[in-house]
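The following exercises concern one protein structure. Please study the sequence and the model before reading each solution.

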Amino acid sequence: ASIETLSQHLQGLEELCLYGCYKLTPSSIYSLSNPDMRLHRLNISGAYKIPTQVVRQGLITTHHDLLLFSNPNTFNGEMEKED
């Protein structure tokens, strides 16, 4: 319900980090498909209940240039350092 409220009231939102939100459901992702959000970057790593297919169907069709991150280290434009 919180994600649905967010999508209705934060139009123009471009970046969203939902890292570790393991209680998210597919319906919460579908609520982010509001085209007024202008979502460009989304991090859903740790949201284990969200299949990739839901993201593709629910978000990519609305937000064509969406960058989906599954690694929190790269969300802020940083690259992982290899040892």
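**Exercise 1.** State what share of the protein chain counts as buried, and describe the order of its elements.

Solution. Of the chain's 83 residues, 36% count as buried, that is, under 20% relative accessible area, with exposed over 50% and partly exposed in between (1.4 Å probe, protein chains only). The chain has three helices and three strands, taken as DSSP runs numbered from the N terminus (helices H or I, at least four residues; strands E, at least two). From the N terminus on, the order is α-β-α-β-α-β.

The model is predicted: local features need pLDDT of at least 70, side-chain atom pairs count only at pLDDT 80 or more, and totals for chains, interfaces and linings use all residues. Residues are numbered from 1 along each chain as its sequence is written, and side-chain values use heavy atoms, leaving out hydrogens and water.

**Exercise 2.** Identify the residue with which Arg41 forms a salt bridge, and explain what the pair ties together.

Solution. A salt bridge requires a side-chain nitrogen of Lys or Arg within 4 Å of a carboxyl oxygen of Asp or Glu. A search of the whole structure finds one. Arg41 pairs with Glu15, their closest N and O atoms being 3.7 Å apart. Arg41 lies in strand E2 and Glu15 in strand E1 (residues 15–17), so the pair ties together parts that are 26 residues apart in sequence. Glu15 is partly exposed, at 44% relative accessible area.

**Exercise 3.** Is Asn43 buried or exposed?

Solution. Asn43 belongs to strand E2 (residues 41–43). Because its relative accessibility is 0%, Asn43 counts as buried.
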